[in-house]
Structure formats: structure tokens, C-alpha cells
Amino acid sequence: MRTVALLSLFLAMATAENARPRDYYEKLFFEHIQKFQVAIKDGAEFVQRLKIFANNVDSIEQHNADKTQTYTLGQNQFTHLTFDEFLDATHIGATRPTFLRRKAADFIHKAPADASALPATVDWVSAGAVTPVKNQGNCGSCWSFSSTGALEGAYYLKYGSLLSFSEQELVSCDTTDAGCNGGWMDDAFTFVKNNGGITTEAAYPYTSGTTGKSGSCIKDGYTNNVKVAPAGFTDVTAGSVTALQSAVVLQPVSIAIQANQAAFQSYKSGVLTGRCGQRLDHGVLLVGYGTDSGLDYWKVKNSWGETWGEGGYIRIERSSADLCGVLDAASYPNL
């Protein structure tokens, strides 16, 4: 009985300074740990996680109460984590080489002479050129998901078939990149070119999200699709909104962004216009653009699963301000 009383006291103390009654957070927290299968080793960690969760819920609700905001926050698989733990959990993983890969690009995609001819909106998801949202899990392999996404889109547009290609083959076999320790999309395109293609997700399933390890390269038991081997890759002129618009008019485009920002931990919906830097650390896939209530945006496919954001997607403000570094390192494979 004394143990139960002490636990009840600690729980009360955990949320004593929060905006709502303790039972409000407890109910949400129990639902959270069941939904996301959060492992909690003992009562002390339960109290600690409840406190973190309650603080994050308060921050989410405070943000959403501000009706001037252009985006909303919400609970997801990261709500029981501190911000530092969120950064560790996402293993963001876009590691740009120290030398400029742009010098090695086969082509440079420049801004169009007449930007007025660009369509008002592009959405490759609704057009059928994008596979379902994936989850990189406990591995800094975002670069591989960005790369396969661009290859999947290019393949669909050329051959009319939407195939899901293997991130694990890239993570385990591409030795230029560093597997779960990061990589770069241009290097991945070059690997697929030299590798004679890449196999499908079904033939070489993704396992690094669970293990957190790159794993040894498996070289048999599957066949690479030679038709997805690019002739090379094209880098998009950095800093140009219209260059990137015109590139994504052609096909889904690999981009890098700075995602180690507080807004990314709890992003739920709307157009992100908050603080976001340009120190690139996360590879994602640009799948279109549009305008919502007068606010121009980029539509971006992430690799944190469908429970994050707008079903796994985020919309980021589209402007010359280059929010999150969207304009800085875009590229696509040439099939």
C-alpha cells in the first residue's frame, strides 16, 4: 500500500505544474503507450515519461491555441520524448560530402526563362507516382528513402509501373555512403547506376529500422531491376524557387532539409512557417507544390511513418526565404 501511495504522490508531482488535471494527461499517456508500444521498464521511468509527455502536450495545445499559426502540432510517436531524445530517435542522417557533389552532376537544372508557364500546382501523390509512406525507424538512413522515392517516381513516369525499391540494398551495399550513419542522395544514384539497378523492397526488405545497424550486404537471392539504373543524375540550381518548381514538374525530386527543429517533433498539419534553419541534415522527397489560403507551399514526403504529420507528409512554406533549406541541394535521377 505504501508503494502505491508513493507512486500516486510521484504521479501527482509529475504533472503538478502543468496546465490540466493529472488524470487528463494520464488518460492520454496510457493511450499513447498502447498505440505506439512504448516500452517502460519501471515506475520511475513511467513518472519521468508522463512528465515529459505532459510538457509536450501543453506545448502542443499552447501552439494550437494561437490562431495566427499556419500549422498545427499534434501527438505522435515522439510525444513521450524530450527534444534531445527526439533527435536521437529520428537518426536524421543526411550527411553531405565535404566536397561539392554538384561538380560531378551530369546536368544542372536551371530556372526556366518564363516562370509564368509553370503550373499552379503539382501533386505526384495524387498522380500515382509515389509509393506509400515508409519508416526509417532506428537508423540514420533517410538518404536511402529519399533516393528510392526519386527512383520510384522516375520509374513510374517512364514505364507506367509503381514499384517500391529496396532501401536496405542501399543501406547495406552502398559503401560510398555510411548506412545508418548517414549518406547522400547523389551518391546513392551513382551507386544504383554502377550496381546495374536495384531490387525491390519485397525481394530485399528493410530491417535496419529495427536493428539500428546497416547490416552486411546480401548479394544473392534477388535480381536487380536494370531498368531503374539511371544514366546519371541532375542537380537543381540552388537557391531558386522556380528552378525547383520546374524540376518537380518533371518528377519527384530528392531534397535535403534541416529537420532537427522543435516544430518537426510534433508537426501535424498545415504549412510550416516557423523557425527552421538551413544546416541540411535530413533527406526527404519533394512530391509537389501548391497554395493553401494564399500561402505557397512545398509538399514533402518524409520517412517517419504515417503517424507523423499529414499521413507522413509535411508542407513547408515555398518562398525565396528557403525555409528549412529546401532550395539548397535538390537532385533527381536521369532514367
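## The largest cavity

In this predicted model, the largest cavity holds about 90 Å³ of space. By the rule applied here, the count comes to two cavities of 30 Å³ or more. Such spaces can be found in a simple way: rolling a probe the size of a water molecule over the atoms shows where empty space is left.

The largest cavity is lined by 15 residues, and the closest to its centre are Phe145, Ser146, Lys301, Asn302 and Ser303. Two elements, α5 (142-159) and β7 (282-292), each give two or more residues to this lining. Helix α5 gives the most, with six residues.

## The enclosed helix α7

Helix α7 covers residues 185-194, and it is largely enclosed by the rest of the structure because seven of its ten residues are buried. A residue counts as buried when its relative accessible area is under 20%. The buried residues of α7 are Met185, Asp186, Asp187, Ala188, Phe189, Phe191 and Val192.

What do the buried residues of α7 pack against? Their partners include two helices, α5 and α6 (167-173). The strands β4 (232-236), β5 (253-257), β7 and β10 (331-334) are also packed against by these residues.

## After the helix

Helix α7 is followed by Gly196. The phi of Gly196 is positive, near 75°.

Technical notes: Residues are numbered from 1 along each chain as its sequence is written. This is a predicted model: local features need pLDDT of at least 70, side-chain atom pairs count only at pLDDT 80 or more; totals for chains, interfaces and linings use all residues. Side-chain values use heavy atoms; hydrogens and water are left out. On a 1 Å grid over the protein atoms alone, a cavity is a set of points where a 1.4 Å probe fits but cannot get out, and a pocket is an open set with protein on both sides within 12 Å along at least five of seven lines; lining residues have an atom within 4 Å of a point. Grid points are joined across faces, edges and corners, and a volume is the space filled by probe spheres set on the points. Helices (H or I, at least four residues) and strands (E, at least two) are DSSP runs, numbered from the N terminus. Buried means under 20% relative accessible area, exposed over 50%, partly exposed in between (1.4 Å probe, protein chains only). Contact means heavy atoms within 4.5 Å.
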